Amino acid sequence: MTSGTERSVDPGLRRQGEDRPADPLEIAEVLGCIVGAAVCVYVIGWLITLVRLTAARVPVDASLPMISNKALFVAGLRLVVVMAIVFAAICAIAYAVHAWTWEQRAPEWHSVIKLGRVEARNRQRRGAGVHPSRARNRQPGPREGAHPNRGAALVTRVGHALRPRSRPPANLDEASVGDPFVRVIAGFNVAVIAAALGLAAARVLKTPIDQAWPPAPWWDLIVPWALISSVLALFLAWIGPLRGRRVVHGVLWAAIVVVAFVCSAPLGVLLLTWAAIASLGRLYGHVRSKRGRGAVATGRPRHLQFVLSPLPWLLLTIYALVGIAYHAMPPVTFSQVLVTTPAGVRVGGYLARTSAGVYLVACTPLADATSTNELVSLVRRGNIEGTATGTTPFAVDSGTRPSLPTLALHAFGIRASTPSWIRPELRATHPTCAGEPLPRPSVGYPAPELGAGVTAGPAPPGDRANDGEPPIEQTSPAIAALARRFQPTILVTDADPFWPVSVGAVLADLGGYRQPSCLQHLPQDTCPPRNPTPAPTLSDLGVPGSDPDDFLEYPVNPPLDPNPNGQIDAFLRGQQGRQTPLPTLRQRLADPGLLNPWASAQVYFYYARNSDPATWPAPNPTIKGKFTALQYWFFYP
């Protein structure tokens, strides 16, 4: 069946229009499109470079003008080519979603494209939308001579539906945009809903997977998402587009937006662009179906119609949005360059080379695999004796993985942030700053005898830790030498703010409202929420007067917070005083000496005297004699 507009065009005239030579106006239009595309690619490259420099936290105003126009154009062209390949792969996946169900669902999707979902559903409910192909595939009822065994009929229908089919029905009333276009748009509609719901479900499963297989496996999010999304996509393709009322479809699309907003920015933009392609594709097909194929009557070849249509520019915009969001996510990598100068070798990330010299990106690595103090330095041309490139990328990582709303707020100068709940790592992890040594703490000294990069510190005044018990030399001098002989050496990474301390140091914690730790004797006593009370002492924890229901309430605000920042803040307030400003995480990583762990560090020692192996739960007859048992205990805040 053809539209009225299409019937008014003689096939011979259409072929004549397609075979005729292009006139000068059409050539000028094509050349204008080529020039416009080149300008767009350059602008995309400029935006990508701007976003990368901003994500790397280097001075953009001074750095961006140094980069050549050729490098900007190549950056934009590389992004467009890569994203075009990705988009083509996504379209292929969308086309394959209905591999087993297209013969059954093609009339419904073509009806949705031509009439809209509401009108297509209304016609189906009135019985006007039953297509001969659907009637042909329908199983006969009992009155038509069907076998009375419903189970056999069900098996027949299921087997019929599961047989792979890749072609639409021969007598399909095809939409004006063509069956391949409708099938791709149908796949996008199904895939984006399945992908969004699959991401939410996979994020819920990520936590038990990480707990079951420590350390967290790399596939903890990707594999559950792929499995769940595939099952949901097949299920949604099977039920078709006409199931459910308008409110159900509205809830599903709202869920896509919500999931996109709690994802990291690149993933959020990708979901939204998938949803936009699905929605705009249906709208485009609907408009084309109303107009028929009148564009063919203009006499322009199909490829020229595509070039002059808004579709390629819309795809170019989509590529740019996804690429910008991807490059706005740290880490940012540069090519590693080694510049030889009379003073030695300078290592940094390559930014640009001008007549003045080579511009390098430098930074300071931190213990949590992030970086700080990013800057751009110039190695002047007269001081360059040689240059070489390294195989290890020069990575700069601020440690942030912002969500899409966070990027939008930062673009308007608002430093607020929204949670980024789903954060798959989209880039390979590299050492920051090309593996430069970590910053030395302001307190402490290098201890190479304990290992590379180890820092030791001074003993506390009087050899007694803050709020700690007297050392063993004062309490049990007879076994002090034995305890020191076998005492362990404790190494704690700079990224870990907790080290073994005394029980008294934890009892001295102070909350955000100056409340200390509280010893609760239930049911008669309760801890006041904001009224400071004397902190419990070690003697208060003794056996006399205690009760099985007693417990300690630490002043962590909010309580039972899984984030350890509140715990370390309460500990530092108790050690440094209420008026001392607490260092932030970035400040602690840049200078671990700010915490001064040596002032409060303590290890407990227990002398268990002689131990007879014959009394062990699993005695070993080959072991003769007795042993001296030493136990070292660590108490962490």
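## Helix packing and the overall fold

In this predicted model, the axes of α10 and helix α12 (residues 246–261) come within 9 Å of each other and cross at roughly 55 degrees.

**The contact between α10 and α12**

- On the side of α10, the contact is made by N189, V192, I193, A196, L197, L199 and A200, while α12 contributes L252, W253, A255, I256 and V259.
- When the residues of this contact of α10 with α12 are sorted by type, 11 are nonpolar, one is polar and none is charged.

**The chain as a whole**

- The secondary structure of the protein chain comes to 21 helices and 13 strands.
- The protein chain has 637 residues, and 36% of them count as buried.
- Among the contacts in the protein chain with a separation of 6 or more, 72% are between residues 24 or more positions apart.

- How many salt bridges does a search of the whole structure find? The search finds seven salt bridges, and the pairs described here are among them.
- R57 forms a salt bridge with E374, and the closest N and O atoms of this pair are 2.9 Å apart.
- The pair links distant parts of the chain, since R57 lies in the loop between α3 (24–56) and α4 (60–63) whereas E374 lies in strand β5 (residues 371–380), 317 residues apart.
- Is E374 buried or exposed? E374 is buried, because its relative accessible area is 13% and buried means under 20%, whereas R57, at 35% relative accessibility, counts as partly exposed.
- The side chains of D220 and K206 also meet in a salt bridge, with an N to O distance of 3.4 Å.
- This pair, too, links distant parts of the chain, with D220 in the loop between α10 (179–212) and α11 (222–239) and K206 in helix α10, 14 residues apart.
- D220 is buried, with a relative accessible area of 7%, while K206 is partly exposed, with a relative accessible area of 22%.
- Salt bridges that share partners join K206, D210 and D220 into one network.

**A salt bridge within one helix**

- R123 and E119 are joined through their side chains by a salt bridge, at 3.3 Å from N to O.
- Because R123 and E119 are four residues apart in helix α7 (residues 117–126), they are separated by about one helical turn.
- R123 counts as partly exposed at 36% relative accessibility, and E119 is partly exposed as well, with a relative accessible area of 29%.

**A look at V60**

- V60 is found in helix α4, and at 19% relative accessibility V60 counts as buried, because the cut-off for buried is under 20%.
- Which residues does V60 touch, not counting residues up to four places away in sequence? V60 touches L50, L53, T54 and P65.
- V60 and V376 are 316 residues apart along the chain, and their C-alpha atoms are separated by 9.9 Å.

Definitions and conventions. Residues are numbered from 1 along each chain as its sequence is written. This is a predicted model: local features need pLDDT of at least 70, side-chain atom pairs count only at pLDDT 80 or more; totals for chains, interfaces and linings use all residues. Side-chain values use heavy atoms; hydrogens and water are left out. A salt bridge is a side-chain nitrogen of Lys or Arg within 4 Å of a carboxyl oxygen of Asp or Glu. Helices (H or I, at least four residues) and strands (E, at least two) are DSSP runs, numbered from the N terminus. Buried means under 20% relative accessible area, exposed over 50%, partly exposed in between (1.4 Å probe, protein chains only). Axes are lines fitted to C-alpha atoms, for helices over the stretch in contact, and angles run from 0 to 180 degrees between N-to-C directions. Contact means heavy atoms within 4.5 Å. Ala, Val, Leu, Ile, Met, Phe, Trp, Tyr, Cys and Pro count as nonpolar, Asp, Glu, Lys and Arg as charged, and the others, Gly among them, as polar.
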